[in-house]
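User: I'd like a close look at one part of this model, please. Could you walk me through it in one go?

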Amino acid sequence: MGKRTPLYDMHVAAGAQMVDFGGWDMPLNYGSQIEEHHQVRRDAGMFDVSHMTIVDIHGEQVRSFLRKLLANDVDRLKQTGKALYSCMLNEEGHVLDDLIVYYMHDNGFRLVVNSATREKDLAWMAMQAMAFDLTIKERDDLTMIAVQGPNARSKAQQALGERGQGLDEIGVFYIQEVDAELAVARTGYTGEDGYEIMLPVAQASSLWAALLEAGVRPCGLGARDTLRLEAGMNLYGADMDESVTPLESGLGWTVAWEPQDRHFIGRQALEKQRDNGVENKLVGLVLQERGVLRNHQKVIVEGLPAGEITSGSFSPTLGKAIAFARIRAGEADKCKVEIRGRQLTADIIRPPFVRNGKACI
Amino acid sequence: MSNVPQELRYTKTHEWISLNDDGTVTVGITDHAQHLLGDLVFVELPDVGGTFSEGDDCAVVESVKAASDSYCPLDGEIVEHNEALSDTPELINQDPYGDGWIFKLRPDDAGAYDTLMDADAYSELIAEEG
């Protein structure tokens, strides 16, 4: 038996197909993952993301610590509540994890990191923090529910009742501490508008029930994966890991090179790679024939060494197979993907595939 | 609980088989199998006229989640495949024992159908698999 989130019983009661996800028993779908996918693109769906790791860092030196720890620069966060997406790198410039950092208040930041990398991340942060005066606290007393879709915000506000009043003021990619226990962020992993709601474990079931009542439909990890892939968002462990840098993973935009005297971990290695020319890049693929793209399928561009699909699936919005692939840098706009011994044609595109319910390609 | 019609025959690899009046058999995947796979988005059908032996992989059914081979239940020749699945593979989810059939086969041995697993044995098999 795996670890269970506070919502486990609600998932089982709703008929979810449960699967092991990095040691957690999580809902894969509640019947049809394609219907759940459309629900998020067209209306509002919710995801139990309690397995993700919330970490609060406090102290007078927290800013200088995070400016060393992260490849993106928290000095870009000028206003309280603002959020930033970043990679955390090792000295080789390889990706230890990707995360969202929220500027909660002076001397206080919140990080949301992946569940599969939890122990590694916490150990790394603790080690890097030794030279700084601060406290790092994992918030396993909190749980997280993501509500996503064009109608997500209004339905979530309804479900939160009095506590939901005032949430309209939260800007895109901001967080608001509603009260001592509840924080609501306008972030997500689907390419749609919506919230990620963090609250005490004991309040998880009643909020989930209120969201159901407000017409928000539960969605599983299956839909979460196709939604994030369409939205052009990387998945740690598939699209990047400790064998590659952000520059080879479509994440060059998250590396803050300026100011040049900010010595974040991995900077030297990244500069060297940048100056020598980055050999590989992460691109989007759209299969032009019938079939489904899958992780690890071989990608062939005429005259170049073969590449590989890092995340492949079927796009319910486009009705076509789509993927991320790591290929040799170049200008090609077509490739062949090897599927069961046959070579099928795919277009090479720049993600995202879908944003705010609409096709981008 | 999966639907396992009493009148059909089954394989360990989750195909169902029905015997037609002209001696051919119709083959599809079971309700249990479609449920495990989830939403189907692509089916690779066997060529009409192709000959297969029992246990050969002859079709591929792909869901959003995974690709899965379908195996030929008996030695024989493919006489028809379900063209509708090319555009609407979800027929397998909606009606696995009806409109979601995959192909028809003329068995080399007319009596071979009777050797296939019956509904009770298949029900037991999927109960064991949990």
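How many residues does the contact take from chain B and from chain A?

Analyst: Happy to take you through it. Bear in mind that this is a predicted model. The contact draws on 15 residues from chain B and 14 residues from chain A. On the chain B side, Asp39(B), Phe42(B) and Val64(B) lose the most area to chain A, and together they make up 40% of what that side buries. Between them, the two chains bury about 1,300 Å², with 46% of this on carbon and sulfur atoms.

Now for the polar side of the story. There are 5 salt bridges across the interface of chain B and chain A. One of the salt bridges in the model joins the side chains of Arg290(A) and Asp87(B), at 2.7 Å from N to O. Counting pairs with both residues at pLDDT 80 or more, 12 residue pairs are in polar contact between chain B and chain A.

Where on chain B do these touching residues come from? Helix H1 (31–37), strand S4 (40–44), strand S6 (57–63) and helix H2 (84–87) of chain B each supply at least two residues of the side that touches chain A. Sorted by class, that side of chain B has 7 nonpolar, 3 polar and 5 charged residues.

So much for the overview; to recap the part you asked about, the contact involves 15 residues of chain B and 14 residues of chain A, and its salt bridges number 5.

Note on methods. Residues numbered from 1 in each chain as written. Chains lettered and ligands numbered in written order. Predicted model: local features only at pLDDT ≥ 70, side-chain atom pairs only at ≥ 80, totals over all residues. Heavy atoms only, no water. Contact = heavy atoms within 4.5 Å. Buried area = accessible area lost by both parts, 1.4 Å probe. Salt bridge = Lys/Arg side-chain N within 4 Å of Asp/Glu carboxyl O. Polar contact = N/O pair within 3.5 Å; in protein donor to acceptor, adjacent residues only side chain to side chain. Helix = DSSP H or I, 4+ residues; strand = E, 2+ residues; numbered from the N terminus. Nonpolar A, V, L, I, M, F, W, Y, C, P; charged D, E, K, R; others polar.
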